[in-house]
Amino acid sequence: MLPLATAAQMKELDRRAIEERGIPSLELMENAARAVADTVWELLHPEEDGFSPVLSSFSSMIVMRKKDDPPPTDEEQRQAEELREIIEGKNTDPTPRVAVFCGPGNNGGDGVACARLLMERGNCQVRAFFVGDRAKMTPDEKTMEDKLTAAGGRLEDFSVDITDRSTLEATMTYEQQKILTWISTCDCMVDALFGIGLKRPVEGVFRSAVTQMQSRMNCPVVSCDIPSGVNADTGEILGEAVRAKVTITFTRGKPGLYSGPGADRAGEVRMVDIGIPHDLEYQMFRALPRLEVQHQPDSHLPLRPRNAHKGDFGKLFLLAGSEGYTGAPVLAARAALRTGAGLVYLGVPRDIYPIVAVKCDEAMPFPLPEDYAAILEKAKGCDAALIGPGLGRAPETEALVLRLLADLDTPIVLDADGINALSGHIDVLDKRSAFTVLTPHEGEFSRLIGCALPIRDRLTAARDFARDHGCVLVLKGHGTVTAAPDGSAWINATGNPGMAKGGSGDVLAGMTAALLGQKHLRQERDNTVELVTAAVCFHGLAGDACARRLGEYAMLPSELIEALPQVLSEWTDDNEP
């Protein structure tokens with residue numbers, strides 16, 4: 001688990017470190033810049049020395065002339081030759097070139113300091129470009145510019161607006177052409193435009209700078225704290241955003257690096273310590289709900305007790321399936337068994353029972369009786385219930401779901417159509433006192449809360465729902481969010497796009513119910529939320545194992561289940577209980 005912080009929390013932590021602890025802000029900036037410079041250096045000087053000359057398609061466009069244009073003047077010929085020399089110089093000189101884009105805030109100051117540190121190391125050509133209004137420069141950035149100048153560098157103005165291609169050639173000056181030609185030959189770029197405070201769309205010259213950083217697929221970009229154009233709290237793309245190869249984030253991760261579209265722009269995320277006292281960080285966050293990104297489970301599973309029997313590992317009641325949806329209940333049941341459930345009772349509609357029964361060997365399917373009392377008795381005899389996979393939305397089915405929610409006092413995992421049954425009946429959920437987990441994808445969640453798609457702030461939406469309705473919400477998707485009633489939340493960083501296939505959610509639902517139903521996992525303390533986050537993480541790790549073995553295109557949800565033995569074995573304690 002890695003700790004996360006919102007933009008507001010990070011600004012407050014920085015303020016306290018500077019004002020209350022006397023940590024010089026320039027020292028924090030220098031430390032941040034050094035981490036970025038180290039990463040750039042690593043990208044420029046890999047262990048394998050493979051220099052590849054880079055040609056600039058943009059400069060070729062500049063010197064291109066139309067057939068009916070008049071002959072070039074002597075000045076135009078001189079300028080064309082200079083542009084050609086910039087390109088040919090790159091083809092003959094292997095010294096790496098680095099462009100650093102700096103905005104007018106302290107994030108820009110990180111970039112200016114990074115440019116100076118790279119210059120001082122030598123063996124690379126570095127140019128720092130200032131984007132925006134110099135009147136808005138922070139005092140710390142001005143100080144860093146003075147240090148850059150003293151070291152022999154210069155913070156150049158980047159003022160070209162290339163967002164309007166129709167007027168580009170007519171409005172661009174020759175000096176701007178030279179800058180863009182040089183940038184087009186770079187081996188690495190540094191994004192220090194905005195940082196975590198951006199809330200408005202990227203426009204004008206800033207968007208042009210972002211476009212330059214996006215223009216070359218083989219030129220890696222290192223972003224300072226968060227890729228410019230990404231909302232640090234939500235992951236929303238604000239107009240346009242940098243696609244980084246590596247993001248160096250400071251002190252704590254930011255939710256937008258792991259959730260929403262921003263997660264696709266962050267590349268490899270590296271969290272670095274820039275000198276904020278750890279005890280100050282602890283004091284500020286200890287009383288706040290947990291907010292973490294999850295790369296692995298919180299802890300290992302314990303060994304199963306030697307003297308246990310199948311009843312000790314959970315009796316599960318599954319209510320699932322309908323005509324045309326016979327795979328969902330089978331996947332959920334098999335996943336539950338693979339995750340350690342002792343007994344799985346699978347109740348399905350009578351008309352699909354023969355099909356499901358043929359598919360089940362270890363689970364125990366049964367046709368749902370007409371009498372509700374018989375269904376309730378079966379469910380009450382179990383340790384946990386899973387309701388919803390492939391269940392359908394017939395009125396009588398939804399009525400059954402609502403009655404079971406009201407009458408069962410055991411943990412319930414509600415998935416798919418089980419969640420849909422709550423639409424317009426959220427009071428049934430509010431009245432439950434027993435532990436309840438909802439596992440919707442965004443479409444199901446939007447129907448439940450009555451909001452439009454896409455959900456722009458998944459983290460806040462999940463936390464608000466879990467708090468307001470006293471449940472655990474698992475909002476599935478890239479960067480699945482698990483939110484608890486106390487405001488704690490976890491963003492899952494495992495898994496891959498190969499899991500985006502019908503049936504993957506049924507597997508997760510079965511895994512979650514299986515962990516909640518095993519008595520020995522809950523003997524020492526109330527760790528039910530931790531068991532849910534573990535299920536989400538194991539699910540993603542199984543997906544990653546499948547992707548490595550089969551590739552993201554070919555992997556199937558059933559193969560997630562077959563990958564679970566390897567994953568669970570790796571995450572089972574090797575000490576005797």
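Predicted model: local features only at pLDDT ≥ 70, side-chain atom pairs only at ≥ 80, totals over all residues.
T251 counts as buried, because its relative accessibility is 12%, where buried means under 20% relative accessible area, exposed over 50%, and partly exposed in between, with a 1.4 Å probe and protein chains only. The residue lies in the loop between strand 7 and strand 8, and although T251 is not a glycine, its phi is positive, at about 70°. Residues are numbered from 1 along each chain as its sequence is written, and side-chain values use heavy atoms, with hydrogens and water left out.

Staying with T251, its C-alpha atom is separated by 5.7 Å from that of V272, 21 residues apart along the chain. V272 lies in strand 8, and at 19% relative accessibility V272 counts as buried. Leaving aside neighbours within four places in sequence, V272 is in contact (heavy atoms within 4.5 Å) with A35, I248, T249, F250 and T251. Helices and strands here are DSSP runs, H or I of at least four residues for helices and E of at least two for strands, numbered from the N terminus.

The loop between strand 7 (246-250) and strand 8 (268-272) also holds R265. Is R265 buried or exposed? At 14% relative accessibility, R265 counts as buried. Its side chain is joined to that of E240 by a polar contact of 3.4 Å, a polar contact being a pair of N or O atoms within 3.5 Å, where within protein one must be able to donate a hydrogen and the other to accept it, and residues adjacent in sequence count only if both atoms are side-chain atoms. Not counting residues up to four places away in sequence, R265 touches Q214, P227, V230, I237, E240, A241, V242, R243 and A244.

Two other backbone details deserve mention. N123, in the loop between helix 5 (106-121) and strand 3 (125-130), has a phi near 60°, a positive value in a residue other than glycine, and at 49% relative accessibility N123 counts as partly exposed. A cis peptide bond, with omega about -5°, joins L453 and P454, and P454 is found in the loop between helix 17 (442-449) and helix 18 (458-469).

Now to helix packing, where axes are lines fitted to C-alpha atoms, for helices over the stretch in contact, and angles run from 0 to 180 degrees between N-to-C directions. Helix 11 (residues 327-338) and helix 21 (residues 557-570) pack at an angle of about 5°, with their axes 10 Å apart. Helix 11 is therefore roughly parallel to helix 21, since angles under 35 degrees count as roughly parallel, over 145 as roughly antiparallel, 65 to 115 as roughly perpendicular and the rest as oblique. Helix 11 contributes L331, R334, A335 and R338 to the contact, and helix 21 contributes P557, S558, I561, E562, L564, P565 and L568.

Helix 1 (residues 7-19) and helix 10 (residues 278-285) pack at about 135°, with their axes 11 Å apart, and are therefore oblique to each other. The contact is made by Q9, E12, L13, R16 and A17 of helix 1 and by L280, E281, M284 and F285 of helix 10.

Finally, the whole protein has 21 helices and 18 strands, and buried residues make up 56% of its 577 residues.
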